[in-house]
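My notes follow in the order I took them.

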Amino acid sequence: MAAVARIQEIRRSGAVVLLMLAVAAVYFVAGRVGLTLQVDVGGAVVTPLWPPTGIALTCLLWFGLRVWPGIALGTFLLILVISPFETYSLGVLAGNTLAPVCAYLMLRRVGFRTQLDRLRDGLALVFIGALAGMLISATVGAGVLVLAGVLPTDDFWQIWSAWWAGDAMGVLVVTPLLLVCRTVRWPEGMRPARWVEAGFLLVSVAAVTIAVTHTALTLLFLVFPLLMWAALRFQLIGAAPCVLIVSVVAISAATDVTGPFSGQSLLAIMSTLQALNGSAALTGLLLSAIVTEQCTVRHKIELACSELAEVVDRLVPGSDAARRWPPPQDKGI
C-alpha cells in the first residue's frame, strides 16, 4: 500500500510540474505576441495590452495557487528576451508574479465566480482583478527600474501609468475571453438566422473598427453600439471576442500612428488608446454580466411560477390533481 501511495504521489507531482511548464509556455508565447505591440516610454518597453497578465490570472482561477511557479518561469524567460537578466530584474520578476497572485486571492476573498454571470463578478474582475491587482506589477516594476538607475526619476509616473494600463488591459480583455471559452457549450437548436447575426456582428465590428482607426476624423465612439449589440444579444460569449477585435485593431493603428492617432504625442496616443480599450472592455463585460444576471433571475422566477402553478392545480377542489393530493403513503413503512 505504501508503494502504491508513493507512486500516486509521484504521478500527482509530475502532473503538477507539467501543468506549471504548460502555464509557463503559454505565458511566454502570449508575451512574445504582446511584445509585437510594444512602445518605448521613457526608455522602458511597455505595451498598451499585455496578454500574459490575463493568461496568468485565468490559470490561477482555473488551477489555483499551485501554478504560480509557471508564471514566474514565464516571466523570467520573457525578461531574457527583452534584456540581460540583472539584479533589478528580480524585482520585475517578483512584481509580475505577485500581481496576478494577489489579484486571484482578492477575487477569491470576495466570492468571485468564473462564470461571470453576476454583475458583482464583472465589477470584481474590473476593479479588483484588473485595476487594483495590477498596481503591484506597475509599482514594483517601475520602482526597481528607477531605483537601479536604469530610468530617470522624472519618468517614473509616465512609465508607471503605461505599465499599469497595459497589465490591467490584459486582464480586462484576455481573462473574460478565456473564461467564457472554457464554459461555453455548442448551442443546440440554434436557428440559422442566429448564426447569420453572429457572423454579421463580428464582421461589422472588425470593419467599423478598421474604418474609424484609419480616418483622421474622431469616430472611435462608433464601436460602442456594436459592443452593446453583442452584449445584449449574445452576452459575454459575443462581447468578449468583439472587445478583443476592437483592442487589437486600435493598438495596431496606434503603433503605426495612423488615423486619429496621427500627429499626436506619445502621451496623447497612449491616453486615447487606453481610454478606448478600457471603455470597450467595461462596456462589454459589465453589460454582459447585467444581461446574464437578469436572464438567470427570470429563469428562476419562471421555474418558481411553474412549481407554484402545479401546487395550486393540485389544491383546486374537484380536479384530478386535488383527488390525488396528498400523495398516497407507503403502508409498508
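The axes of helix 2 and helix 7 (residues 156-183) come within 7 Å and cross at roughly 45°. I therefore logged helix 2 and helix 7 as oblique to each other. The crossing of helix 2 past helix 7 is right-handed. I kept in mind that this is a predicted model.

Next I looked up who touches whom. From helix 2, the residues in the contact are P51, T53, G54, I55, L57, T58, L61 and W62. They meet D167, G170, V171, V174, T175, L178, L179 and R182 in helix 7. I sorted the contact of helix 2 with helix 7 by class and found nine nonpolar, five polar and two charged residues.

I stayed with helix 2 and checked its length. Helix 2 covers residues 51-63, and at 1.5 Å a residue its 13 residues should span 18 Å. The end C-alpha atoms of helix 2 are 18 Å apart, which agrees.

Then burial. How many of the 13 residues of helix 2 are buried? I found 11 of the 13, so helix 2 is largely enclosed by the rest of the structure. The buried residues are P51, P52, T53, G54, I55, A56, L57, T58, C59, L60 and L61.

L19 sits in helix 1 (residues 2-35). Is L19 buried or exposed? Its relative accessible area is 18%; the cut-off for buried is under 20%, so L19 is buried. I then looked for its partners, leaving aside neighbours within four places in sequence. L19 is in contact with F63, R66 and V67. I took the V67 distance too. L19 and V67 lie 48 residues apart in sequence, yet 7.0 Å apart in space, C-alpha to C-alpha.

The axes of helix 4 (residues 89-109) and helix 5 (residues 119-132) come within 9 Å and cross at roughly 140°. That makes helix 4 oblique to helix 5. Helix 4 passes helix 5 in a right-handed crossing. Which residues meet here? I listed A103, M106 and L107 in helix 4 against A124, L125, I128 and G129 in helix 5. By class, the contact of helix 4 with helix 5 has six nonpolar residues, one polar and no charged.

Conventions. Residues are numbered from 1 along each chain as its sequence is written. This is a predicted model: local features need pLDDT of at least 70, side-chain atom pairs count only at pLDDT 80 or more; totals for chains, interfaces and linings use all residues. Side-chain values use heavy atoms; hydrogens and water are left out. Axes are lines fitted to C-alpha atoms, for helices over the stretch in contact, and angles run from 0 to 180 degrees between N-to-C directions. Helices (H or I, at least four residues) and strands (E, at least two) are DSSP runs, numbered from the N terminus. Angles under 35 degrees count as roughly parallel, over 145 as roughly antiparallel, 65 to 115 as roughly perpendicular and the rest as oblique. A crossing is left-handed if the near helix is turned anticlockwise from the far one by less than a right angle, and right-handed if clockwise. Contact means heavy atoms within 4.5 Å. Ala, Val, Leu, Ile, Met, Phe, Trp, Tyr, Cys and Pro count as nonpolar, Asp, Glu, Lys and Arg as charged, and the others, Gly among them, as polar. Buried means under 20% relative accessible area, exposed over 50%, partly exposed in between (1.4 Å probe, protein chains only). The expected span of a helix is 1.5 Å times one less than its number of residues.
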